[in-house]
Amino acid sequence: MTAHSPPPPAPPIGLLVELTHRCPLGCLYCSNPLALERPGAELDGETWKRVFSQAAALGALHVHLSGGEPTARRDIVDLTRHASQSGLYTNLITSGIGVNEKLTQELVEAGLDHAQLSFQGADKETNDRLGHYKGSWERKRAFAAHVIKAGLPLTINAVIHRANLHQVAAFIDLAVELGARRLEVAHTQYYGWALANRAALMPPKKQVDESIAIVEAARVRLKGELVIDMVVPDYYARYPKPCAGGWGRVAINVSPSGKALPCHAAESIPGLEFWNVRDHSLSDIWLSNPAFKAFRGTEWMREPCRSCERREIDWGGCRCQALALTGDARNADPACHKSPDHERIVATAMAESESGDGVLRWRSYKEKVEA
């Protein structure tokens with residue numbers, strides 16, 4: 001290390017692996033890229049196991065087994081077992097569809113520590129319509145019952161937007177009814193499929209404020225019974241989120257084909273080469289891949305970020321959002337009120353929240369468009 005080079009980064013805390021992009025749902029807000037990776041490109045099981053072992057050796061504490069739908073992998077039990085035996089805390093992020101009681105028990109016996117189950121609506125009609133899958137409501141509820149019966153902690157994930165924002169209170173009641181320990185009420189983040197459907201999903205600010213008040217009241221009422229996390233929409237924020245905890249600071253995402261990424265949407269930024277776990281160890285990627293170094297820390301920042309007192313709190317916000325909304329990933333995230341583009345995106349949000357639903361692009365390998 002030279003006198004002018006930054007110190008090496010601390011080890012990543014966690015690993016999020018997209019085991020596959022296969023999924024029975026067609027959610028309008030999916031964080032997967034528009035160009036979904038095909039099953040034939042997926043890493044084989046032995047490569048995934050090597051990645052889990054390397055993550056543990058690097059210092060990671062937990063792995064999120066995600067997708068798509070991770071249980072679409074026939075080797076999901078074997079992969080879970082290896083991750084657990086490597087010393088990683090294992091969290092299954094699932095739609096619950098296709099996960100019967102037998103598979104749930106096999107996952108528990110393999111060492112699964114936690115399950116995170118998504119609901120698209122707080123009632124059958126809304127859930128099935130927004131997930132684009134008839135019958136998913138019953139299957140999700142059944143999976144939740146399997147998880148509770150097995151003694152695993154359960155988190156319910158509810159991504160909210162204009163079409164289901166009125167159900168925030170009902171989502172809270174649903175989480176309590178199902179025996180969940182945690183509920184994540186996450187306003188849609190506008191990347192990937194959500195960005196393509198932004199005009200249909202953007203809620204009015206008044207409803208956003210009402211949803212925040214409902215959550216705050218429920219946190220008090222249900223203290224000790226249910227933990228409620230909330231992610232507010234960037235477009236109505238005063239400051240940006242530290243995207244993924246800061247670029248290349250706390251986590252590694254791995255795509256189905258093995259590309260290691262600082263965040264879900266990082267591939268949208270041109271000019272960056274993301275190394276593949278087939279060819280490089282996780283340690284080499286974390287320490288040496290130029291793409292992970294590109295926006296790590298503060299040296300890359302322009303004004304107003306460079307001199308901002310929050311530069312090591314939000315780390316400049318989201319680089320992918322800066323690119324999508326300003327055309328340059330090095331610009332300040334326009335979610336920040338200090339960005340010269342902030343008022344423009346607020347105006348966009350307000351205009352779209354008052355517009356009609358427009359054209360819907362359902363998540364699919366073969367895109368489904370609905371007027």
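Trainee: In which sense do strand β5 and strand β6 pair?

Mentor: Two strands pair if DSSP finds at least two bridges between them; strands are DSSP runs of E of at least two residues, and helices are runs of H or I of at least four, numbered from the N terminus. In this predicted model, β5 (residues 154-160) and β6 (residues 182-187) pair in the parallel sense over 6 bridges. Within that pairing, Leu183 of β6 is the bridge partner of Ile156.

Trainee: In what order do the 9 strands lie?

Mentor: They form an open sheet of mixed pairing, ordered β7-β6-β5-β4-β3-β2-β1-β8-β9. β7 (227-231) and β9 (260-261) each have a single partner strand, so one side of each lacks a neighbour in the sheet.

Trainee: Is Asn91 buried or exposed?

Mentor: Buried means under 20% relative accessible area, exposed over 50%, and partly exposed in between (1.4 Å probe, protein chains only). Asn91 counts as buried because its relative accessibility is 4%. This residue is found in strand β3 (residues 89-94).

Trainee: Which side chains does Asn91 join through a polar contact of 2.6 Å or 3.4 Å?

Mentor: A polar contact is a pair of N or O atoms within 3.5 Å; within protein, one must be able to donate a hydrogen and the other to accept it, and residues adjacent in sequence count only if both atoms are side-chain atoms. The side chain of Asn91 makes one of 2.6 Å with that of His114 and one of 3.4 Å with that of Gln116.

Trainee: What limits apply to the model?

Mentor: Residues are numbered from 1 along each chain as its sequence is written, and side-chain values use heavy atoms, leaving out hydrogens and water. As the model is predicted, local features need pLDDT of at least 70 and side-chain atom pairs count only at pLDDT 80 or more, while totals for chains, interfaces and linings use all residues.
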